[in-house]
Amino acid sequence: MIDIIQNYEFALKQIENGMSAYDLLSAEGSVAKRESGHELTADVTANSVILKDKRHENYKLYVFITNNVRFAINNIKDPHESVAARLLFLEGKKYLKAQGYMEKGYRKDVPGIAATTFADKRRRAIANIANSLKFNRTLDFVTIDYGRGRNKEGEIGLLNPK
């Protein structure tokens with residue numbers, strides 16, 4: 001989500017002559033898509049206007065959720081859990097890279113830990129983040145219709161508040 005936010009902010013800075021590169025592609029018809037799965041054809045002009053309006057709403061929702069996740073991670077008291085959560089969820093490091101980072105103990109204020117301890121600290125950090133997001137009602141925006149956090153199409157959904 002952080003990358004999506006940064007890409008959108010970069011695109012906003014790149015606006016030329018009142019149109020962004022995405023709008024130019026939409027006007028040409030190369031990125032038009034159907035609004036729902038029920039239409040047989042895609043209406044390029046209408047969909048580009050709808051997508052343009054939804055882009056900023058989605059951006060604001062992503063910023064809201066990302067800020068809440070960042071706030072939840074910053075409020076974790078245990079230093080190992082905090083560093084593990086920051087590496088995995090804010091910096092986007094892979095599990096094994098984050099584990100190696102934590103094993104070597106690169107930070108002077110946080111000593112190195114074993115791989116099994118890292119796994120335990122990661123699970124606790126996820127539980128702490130989930131509790132914080134549940135408490136501040138951020139999880140109300142996540143739609144789960146199907147098992148394992150995915151809807152029937154296999155997508156993870158966010159509900160945009162109206």
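Guide: Helices here are DSSP runs of H or I with at least four residues, strands are runs of E with at least two, and both are numbered from the N terminus. Tyr8, for instance, is found in helix H1 (residues 2-13).

Visitor: What kind of model is this, and how are residues numbered?

Guide: The model is predicted: local features need pLDDT of at least 70, side-chain atom pairs count only at pLDDT 80 or more, and totals for chains, interfaces and linings use all residues. Residues are numbered from 1 along each chain as its sequence is written, and side-chain values use heavy atoms, with hydrogens and water left out.

Visitor: How many helices and strands does the chain have, and in what order do the elements run?

Guide: The chain has 6 helices and 2 strands. From the N terminus the order is α-α-α-α-α-α-β-β.

Visitor: Is Tyr8 buried or exposed?

Guide: Buried means under 20% relative accessible area, exposed over 50%, and partly exposed in between, with a 1.4 Å probe and protein chains only. Tyr8 counts as buried because its relative accessibility is 14%. In the chain, buried residues make up 28% of the 162 residues.

Visitor: Which residues is Tyr8 in contact with, leaving aside its neighbours within four places in sequence?

Guide: Contact means heavy atoms within 4.5 Å. With those neighbours left aside, Tyr8 is in contact with Arg55, His56 and Tyr59. His56 is 48 residues from Tyr8 along the chain, and their C-alpha atoms are separated by 8.7 Å. Among contacts in the chain between residues at least 6 apart in sequence, 47% join residues at least 24 apart.

Visitor: How does the span of H4 agree with its 12 residues?

Guide: The expected span of a helix is 1.5 Å times one less than its number of residues. For the 12 residues of H4 this should come to 16 Å, and the end C-alpha atoms are 15 Å apart, which agrees.

Visitor: What is found at the start of H4, and what just after the helix?

Guide: At the start of H4, a side-chain oxygen of Asp78 reaches to within 3.2 Å of the backbone nitrogen of His80. Just after H4, Gly92 takes a positive phi of about 70°.

Visitor: How many residues of H4 are buried?

Guide: H4 is mostly covered, with 9 of its 12 residues buried. One of the buried residues is Ser82, in H4 (residues 79-90), with 11% relative accessibility. Leaving aside neighbours within four places in sequence, Ser82 is in contact with Ile73 and Ile76.

Visitor: How are two packed helices described?

Guide: By the angle between their axes and the distance between the axes. Axes are lines fitted to C-alpha atoms, for helices over the stretch in contact, and angles run from 0 to 180 degrees between N-to-C directions. The axes of H4 and H6 (residues 115-135) come within 8 Å and cross at roughly 80°. The contact is made by residues including His80, Ala84 and Leu88 of H4 and Phe118, Ala125 and Ile129 of H6. H4 and H6 are therefore roughly perpendicular to each other, a term for angles of 65 to 115 degrees.

Visitor: Which residues of H5 are buried, and what covers them?

Guide: In H5 (residues 95-104), Ala98, Gln99, Gly100 and Met102 are buried. Their cover includes H4 and H6.

Visitor: What phi does Arg137 have?

Guide: Most residues other than glycine have a negative phi. Arg137 is not a glycine, yet has a positive phi of about 65°. Arg137 is found in the loop between H6 and strand E1 (142-143) and is exposed, with a relative accessible area of 57%.

Definitions and conventions
A polar contact is a pair of N or O atoms within 3.5 Å; within protein, one must be able to donate a hydrogen and the other to accept it, and residues adjacent in sequence count only if both atoms are side-chain atoms. Angles under 35 degrees count as roughly parallel, over 145 as roughly antiparallel, 65 to 115 as roughly perpendicular and the rest as oblique.
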